[in-house]
Amino acid sequence: MYLTSGAEATVHLEDGVIIKERVPKRYRLVELDERIRKERTRAEARLMSEARRVGVPTPIIYDINGSTIKMEYITGEPIKNVITPLLSERVGEIVGRLHSGGIIHGDLTTSNMILHDDKIYLIDFGLAFVSSIVESQGVDVHVLFQTFESTHKDHEKLIEAFCKGYGKTFENADDVIKRVKEIEKRGRYA
Amino acid sequence: MTTVLGIEGTAWNLSAAIVNENDVVAEVTETYRPPTGGIHPREAAQHHAKYASQVIRDLLDEGKQHGVNIGNIDAIAFSQGPGLGPCLRTVATAARMLSLSLNIPLVGVNHCIAHIEVGRWKTPASDPVVLYVSGANSQVLAYRMGKYRVFGETLDIGIGNAFDKFARNAGLSHPGGPKIEEYAKNADGYIPLPYVVKGMDFSFSGLSTAATDALKHASIEDVCYSFQETAFAMMVEVTERALAHTGKSEVLLAGGVGANMRLREMLDIMCDDRGASFYVPEKRFMGDNGAMIAYLGLIMFESGTVTDIDRSHVNPNFRPDDVEVTWIAEDPGIGGTK
């Protein structure tokens, strides 16, 4: 079953397994294209495992082959459809753990979080990278706040609850939240 | 009919033009060409100061031949930034002088947005994702809710400057881009160079250094080819992501480096694969030109913007997302949500 196609990859579901494949780009030289897709696929799988090690639920990786990852299919409800201030606080705790572990997700939206067995899973690490600088963490949180604002009515309560949870699991939470406000003022899309 | 005289001089090209809503009436350009090395800001500014009055005199003569007299001009537009400080100040002084002596309102415009708007004027593009590539600038922009937002940009130097830096080290003369494009055509193969995309941003300074180092063990043809392939792929990737993110269906190429045929080909393939339309204005509107400044001045003036003399200071770091877009009506056809 075909699930999605972003700018970079297609995602299929086969026999209960997610198959994510980075598609070749015709505009890029073949050898350059293959190198980039392979490097990014390996980085994605590595960061998903690393995230789980620091206490963030992510799908289990079954296999990596070239630019294809086979991974666990997380059934459940996207957070987008069920978000409440209480859940937002738990999202904050999870993102705090991720950032404490030096990982930036790169595309934190409420569609990339799944509620399964009362656990919140983070999915799609396609844009994830390693960083412990406040700016990267701030942009990560800023992207999430933007999805709160564009898709959820009581976004102020959600943001407040997120910050509470984020502060519980991440030492530098206050600095990051301060930076998020600066990033918002810049009006720049990142 | 509104008629505007515009002056551009942010870097090496001094260019003035008269435009109306329909077309460019007249344009006169005087380019500073450094004998060796790159653009020296002070020397470029001295060049502009030397030729400004001649260029404007010639422009007014040419305008007269096409039926436009000084009395027909409604506003004087000029590049307020971004650009080289000394050059910007010289051109701003010329614009202020014209405005005061002829008693015509002044309109300070953002140079980057002028590149975008001339493209929307001279191609069928209406609500595009813009890849703007020049010496000092490399940005991916799109209109959304009252501003041209920057979706991605260089974290250090512009692509043109990266080419120039490499070209100078390789013993090629300024500007480097066209020479690199020529050498690339005769390459035998690709040599790996750092491909640096961080989120939606890209970086060229390390790539330029790596290309220079590669000259020690590879032919200049192969290095030029690999440099172009790597740098352009980085920018096309971010342009594609901006298309996916915004849901827009057009790409507009702007800026002097847009003259490169390989960059055009790569954007064309990407757009083709995504079902998007790709637009490039004719060459005279790609590099820095007076017509684009006059045209942006015209649509700003028509939407009620004038710049008071005491607020006409230049800004070498003027960002496109600092400008409130007053000339685009919010309708579902443009600036739609993601």
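Predicted model: local features only at pLDDT ≥ 70, side-chain atom pairs only at ≥ 80, totals over all residues.
Residues are numbered from 1 along each chain as its sequence is written, and chains are lettered from A, with ligands numbered from 1, in the order in which they are written. Local features need pLDDT of at least 70 and side-chain atom pairs count only at pLDDT 80 or more, while totals for chains, interfaces and linings use all residues; side-chain values use heavy atoms, leaving out hydrogens and water.

**View 1. Helix α1 of chain B bends at B:Y51.**
Helices are DSSP runs of H or I with at least four residues, strands are runs of E with at least two, and both are numbered from the N terminus. Helix α1 of chain B covers residues 41–65. Its 25 residues should span 36 Å at 1.5 Å a residue, and the end C-alpha atoms lie 34 Å apart, which agrees. The expected span is 1.5 Å times one less than the number of residues. The bend at B:Y51 is about 45°. That angle lies between axes fitted to the seven residues ending there and the seven starting there. Just after α1(B), B:G67 has a positive phi of about 80°.

**View 2. Buried residues of α1(B) and what covers them.**
Buried means under 20% relative accessible area, exposed means over 50%, and partly exposed lies in between (1.4 Å probe, protein chains only). The buried residues of α1(B) include B:A44, B:H47, B:H48, B:V55, B:I56, B:L59 and B:L60. B:G63 is buried too.

**View 3. The contact between chain B and chain A.**
Chain B brings 33 residues to the contact and chain A brings 19 residues (contact: heavy atoms within 4.5 Å). The size of an interface is often given as the accessible area lost when the parts come together. Here the buried area is about 2100 Å², with 51% from carbon and sulfur atoms. Buried area is the accessible area (1.4 Å probe) that two parts lose on being put together, summed over both. Which three residues supply more than any other three of the area that chain B buries against chain A? They are B:Y190, B:Y195 and B:R241, with 23%.

**View 4. Polar pairs across the interface.**
The rule finds five salt bridges between chain B and chain A. A salt bridge is a side-chain nitrogen of Lys or Arg within 4 Å of a carboxyl oxygen of Asp or Glu. Seven residue pairs are in polar contact across the interface, both residues at pLDDT 80 or more. On the side of chain B that touches chain A, β8 (147–153), α7 (220–246) and α8 (261–274) each supply at least two residues. The largest share, ten residues, comes from α7(B).

B:E240 and A:K25 meet through their side chains at 3.0 Å, N to O. Both are buried. A:R28 and B:E237 form a salt bridge with their closest N and O atoms 3.4 Å apart. A:R28 counts as buried at 6% relative accessibility. B:E237 is buried at 5%.

**View 5. A salt bridge within chain A and a network.**
A:R22 and A:E44 form a salt bridge of 2.8 Å, N to O. A:R22 lies in strand β3 (residues 17–22) and A:E44 in helix α1, both of chain A, so the pair ties together parts 22 residues apart in sequence. Both residues are buried. Both also belong to a network of salt bridges, whose members include A:R28, A:D124, B:E237 and B:R241. Over all chains, the structure holds 32 salt bridges.

**View 6. The surroundings of A:T58.**
A:T58 is in the loop between α1 (30–53) and β4 (61–65) of chain A. Is A:T58 buried or exposed? A:T58 is buried, with a relative accessible area of 1%. Its side chain makes a polar contact of 3.2 Å with that of A:R52. A polar contact is a pair of N or O atoms within 3.5 Å; within protein, one must be able to donate a hydrogen and the other to accept it, and residues adjacent in sequence count only if both atoms are side-chain atoms. Not counting residues up to four places away in sequence, A:T58 touches residues including A:M48, A:E72, A:Y121 and A:F125.
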